[in-house]
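Here are a few notes to read alongside the model. Take them one at a time, with the structure open beside you.

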Amino acid sequence: MISTPMTLAAHELSRKDLDVLRSLLLLYRSRLSRECQLCCDDDDADLHLIDVDEAAGRKRWETLRAHKRCIVFSRTAVEAPLLLGKPLRGPALLAVLSEVSYQTKQAAEAAQPDRMLTGTHAQLVATSPATGKQLISLLESGTINSQVRILLPGDRDDGQDDLWIDPQLRQYLLGTALARLRHFLRLPLQPEQIQRVSRQEFREQMQRVRPRTLTRLQWFSALACSDGELLPPLSRSCPVQLTAWPDMEEHSPSFFRLAGLLVKQAVAFDGIIAMTGIDSGTTADFVNASYRSGLMRQVAARESVGSGMAFAGRNIVARLRERLGI
Amino acid sequence: MSPGAPPLKLIFAGPPGAGKTTAIAAISDFPPVNTDVAATDEIANTKEATTVAMDYGEITLADGQTVFLYGTPGQERFDFMWKILSANSLGLIILIDNTRRDPLADLSIYVDNFRELIDSAAAVVGITRSEQGPALGAYFELLAQKNCAMPVLEVDAREKKDVLRLLDAFLSVLEYAVA
């Protein structure tokens, strides 16, 4: 990972776009493999974001494009190596900045002859920290910090059944259901099972397999590794609350009900069981998976809003469920 | 239903063509009453008819109580109706067509307009035609930016099981919404 910050100059952006850009850079700071510092109109910056929809922006682009790395910002499809469409959106910005980081890294590696092999990356094996750890642990610890392809047992030659992960875009690619990996995800991964891939290879695989959120993979991996006991960092007496609805692949009525409760209220472990009537093991699995995938926070008791209250017309919910058969 | 009790309402909202009429048809006791007319604006490119007032369906519970199902017109020019329909509603089911030009902006409009209902009752988001367009993660990210934790599921509104899964998520949130 390159540790020096990258400077980004914004040219001819509207005040609103500049505000959005500033917020997004702040929001995504932890997800960028290289920190990005915004500076306005500085021609010496490492990277230039130019709004080319007006004449001034097009002129600036013409001046800079020959000797500077530029991201073209436009509402139309412009022919440019790095293009960011309008309106400005987080995932698109993250993707283009990740691309820049990747290109920078490639260029740095190519400039070092003794490291040329690592630059070809196609068959690169991840380093030793991967040994003997489950996938969820590698994701939690950030050991997997670039695009990788994980070889699954019984792989076909075309790689359709491999698991591809891009931690920067927070996406994974898998040509089958996660449920089929339940057993595999419990096993420690060996270094030879993990291959680094280029962003281009990842993109090509994206043409074949629809990307899913990395959170879905993390949640399911943590669930597969949970044994029905609350994990040590979590306390039975400390209320927990979901910060987002888990992206669940399967429809599980119990998990839906637990998520429904914890997305609305912060409740301690025994309170969850008392309010939902769902057994301790299932509840612990849900809490563990949500916590390990970063979707759950522990709340100080005095902040807790969960006091056993529920919707006043709760019996309506039960009657609707009965009528709809769910 | 006890005399004087407010009627139970469930709102389906979303842009034109997202599947509101189809979703109501999947669970209503009778084919939904709608006011579809031939589309003459840009909607005509995606569907032949569109709803200009509302869709209406019903679910009758075992004790005879009725839950009214309303599908709101998708066009923003009908947004004055959204607030009227929201009053005393159980909550909101937002359907988003992932093949539209900017489906994330579509969701943003509905979340902003129905925010009070979303926070006080229950709401879910169903993404239709999800084989194209933004990945689910983009929706979760948008909701996180708005500090809004609600279910987002991929659905095929033509499939009853998908509509029921969406309703299960909705009822799960509603069950623990603090009135």
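1. The buried residues of H1(B) are Lys20(B), Thr21(B), Ala23(B), Ile24(B), Ala25(B), Ala26(B) and Ile27(B).

2. Next, look at where the two chains meet. Chain A brings 37 residues to the contact and chain B brings 33 residues. On the side of chain A that touches chain B, the elements giving two or more residues are helix H3 (90–110), strand E10 (212–213), helix H9 (253–264) and helix H12 (314–324) of chain A. H12(A) gives the most, with 9 residues. By type, this side of chain A divides into 19 nonpolar, 7 polar and 11 charged residues.

3. Now stay within chain A. Its domain assignment gives domain 1 (6–110), domain 2 (128–217) and domain 3 (226–324). Domain 2 of chain A puts 8 residues into its contact with domain 3 of chain A, which puts in 6 residues. On the domain 2 side, helix H5 (135–141) and helix H8 (214–225) of chain A each give two or more residues. That side divides into 4 nonpolar, 2 polar and 2 charged residues.

4. Finally, a word on confidence. Chain A has a mean pLDDT of 82, and 83% of its residues reach 70 or more. Where in chain A is confidence lowest? Helix H4 (residues 116–120) of chain A has the lowest mean, at 31, while helix H11 (residues 280–292) of chain A has the highest, at 97. Over residues 112–130 of chain A, pLDDT stays under 50. Where pLDDT is low, the predicted coordinates should not be read in detail.

Methods: Residues are numbered from 1 along each chain as its sequence is written. Chains are lettered from A and ligands numbered from 1 in the order in which they are written. This is a predicted model: local features need pLDDT of at least 70, side-chain atom pairs count only at pLDDT 80 or more; totals for chains, interfaces and linings use all residues. pLDDT is the predictor's confidence in each residue, from 0 to 100. Helices (H or I, at least four residues) and strands (E, at least two) are DSSP runs, numbered from the N terminus. Two residues are in contact if their C-beta atoms, placed from the backbone, lie within 7 Å. A residue is buried if 20 or more other C-beta atoms lie within 10 Å of its own, exposed if 12 or fewer, and partly exposed in between; C-beta atoms are placed from the backbone. Ala, Val, Leu, Ile, Met, Phe, Trp, Tyr, Cys and Pro count as nonpolar, Asp, Glu, Lys and Arg as charged, and the others, Gly among them, as polar. Domain bounds come from an automatic or database domain assignment.
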